[in-house]
Amino acid sequence: MLRFLFGVLLPLVAWFVEKKTHICAQTFFDPLPGPIYSVLWLTIPASNAWILLARPEHRRGLGVLCGMAQVVAVVYTLWFLPLTLLSLVAIPFAGLGLCSLSPLLALPFCLTGLRSVSQTSRPPGRWLGVLLALLLMLLSALPAVMTYAGLQLARNPASRSRGLSWLRSYGDQQTLLEACYNQAGWTKSPLAMVICMGSPPPALEVRELFFRAYGTAFNDFPPPLSARRFLEDTEDLMVVDDPDQGLEKVGGRSLGLSLQQSNLAARVDSTGSTAQWNWDLTFANHDSGNREARCQVLLPPGAVACGAVLWVHEKPRQALIASRGKARLAYEAVVSKQRDPLLVTTHG
């Protein structure tokens, strides 16, 4: 009964909850960053279920599966060890502790799985499974290790050129994108954590290196999954901090926001050879907290912005024209009061 509860049912529930909500990935780090990690995780319930249900003549390959499950349970237990005490408190809150506690609770049953099988019919292959699981984990961690090795080289001015070349050739763009959002993508690999000396590089520095490496701004791509703290098509679980709010740069994509409507109307004066364009943008906030919509508008040659209107609670508010410094100070003052400001300024 205990083997079924802690060795089969709990790991399956934890896997399903994490894949459905990504609650651990959004709060701490992503324990299932790829399909290989999901397959490795599922060896835990699969091996214990096989031990409980299969007849002795149907246990060929069980030794390999149990060896893989033992490695996975040990590695994940060590991985989640700093969160163990916190997980005991976090279980009532949306099952946050399920993923971090299930490897620890399943570990005794994984280690003693083959001992429960009779000595005469005990299947071989345990050490083959151990080596196979270790090899799959190393291969899965290789992209993060290569990426952060190149990133550490690129951060050093003396080896920047070599580091950028390394990132283009061997780096993983998704891992680097997560670092641009100050996410813990580096924790996919303990080796990458060692390379970073236990601390990921600053997000602003990684954003610059991302552009230097790929020639494209990081915010041209959708934010990574680890940066999304709300469920798709549902209300979010918690309010997300926006580190780029109120800054001079557009920064990362603000989570929970979308452009709901865009209308462009023009009035052309053929006599004066001028044209006036009115662009109405409507943004929708799907998050429970306040969000800042940011964008860059590329104007045609000779064009200027001559005015702006912000609609607040269906009431229009005309923008005032001021010097760049005064406008920035006024905007930051309003943002600090959690009100609804609008700032239109030049870039560069």
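# Briefing: helix faces, ring pairs and a buried glutamate

In α12, R328, Y331 and V335 are buried. They cover an arc of only 65° around the axis, which puts them on the same side of α12. On the other side of this helix, K326, L329 and S336 are exposed. The model is predicted.

**Helix α12**

- Helix α12 runs over residues 324–336, which makes 13 residues.
- From its first C-alpha to its last, α12 reaches 18 Å, close to the 18 Å expected at 1.5 Å a residue.
- An α-helix has 3.6 residues a turn, so residues three or four places apart point the same way.
- Which residues make up the buried side of α12? R328, Y331 and V335 are the buried ones, and their arc around the axis is only 65°.

- E292 sits in the loop between β2 (274–285) and β3 (309–312).
- Is E292 buried or exposed? Its relative accessibility is 8%, so E292 counts as buried, the cut-off being under 20%.
- The side chain of E292 makes a polar contact of 3.0 Å with the side chain of R294.
- A polar contact of 2.2 Å joins the side chain of E292 to that of Y331.

**Aromatic pairs**

- How many aromatic pairs does a search of the whole structure find? The count is 7.
- One of them is F6 with F109, a stacked pair with 6.4 Å centre to centre and 15° between the planes.
- This pair links distant parts of the chain: F6 belongs to helix α1 (residues 2–21) and F109 to helix α6 (residues 98–111), 103 residues apart.
- F6 is partly exposed, at a relative accessible area of 25%. F109 is buried, at 16%.
- W41 and Y76 have ring centres 5.0 Å apart and planes at 85°, so this pair is edge-to-face.
- W41 lies in helix α3 (residues 35–53) and Y76 in helix α4 (residues 62–80), so the pair ties together parts that are 35 residues apart in sequence.
- Both W41 and Y76 are buried.
- W41 and Y76 also belong to one aromatic cluster, together with W79 and F80.

- F80 lies in helix α4.
- F80 is buried, and its relative accessible area is 0%.
- Between F80 and S100 the C-alpha to C-alpha distance is 5.4 Å, although 20 residues separate them in sequence.

**Helix α7**

- Helix α7 (residues 126–155) has 30 residues.
- Its span from first to last C-alpha is 43 Å, close to the 44 Å expected at 1.5 Å a residue.
- Where does α7 kink? A kink of about 40° lies at L142, shortly before the proline P143.
- R126 lies over the face of W127, at 4.7 Å from the ring centre.

**S273, a loop residue**

- S273 is in the loop between β1 (257–269) and β2.
- Phi of S273 is near 55°, a positive value in a residue other than glycine.
- S273 is exposed, with a relative accessible area of 66%.

Key: Residues numbered from 1 in each chain as written. Predicted model: local features only at pLDDT ≥ 70, side-chain atom pairs only at ≥ 80, totals over all residues. Heavy atoms only, no water. Phe/Tyr/Trp six-rings, centres within 6.5 Å; stacked < 30°, edge-to-face > 60°. Helix = DSSP H or I, 4+ residues; strand = E, 2+ residues; numbered from the N terminus. Buried < 20%, exposed > 50% of the residue type's maximum accessible area, 1.4 Å probe, protein only. Lys NZ or Arg CZ within 6 Å of the ring centre and 35° of its normal. Expected span 1.5 Å × (residues − 1). Bend = angle between axes of the 7 residues up to and from the residue. Polar contact = N/O pair within 3.5 Å; in protein donor to acceptor, adjacent residues only side chain to side chain. Arc of directions from axis to C-beta.
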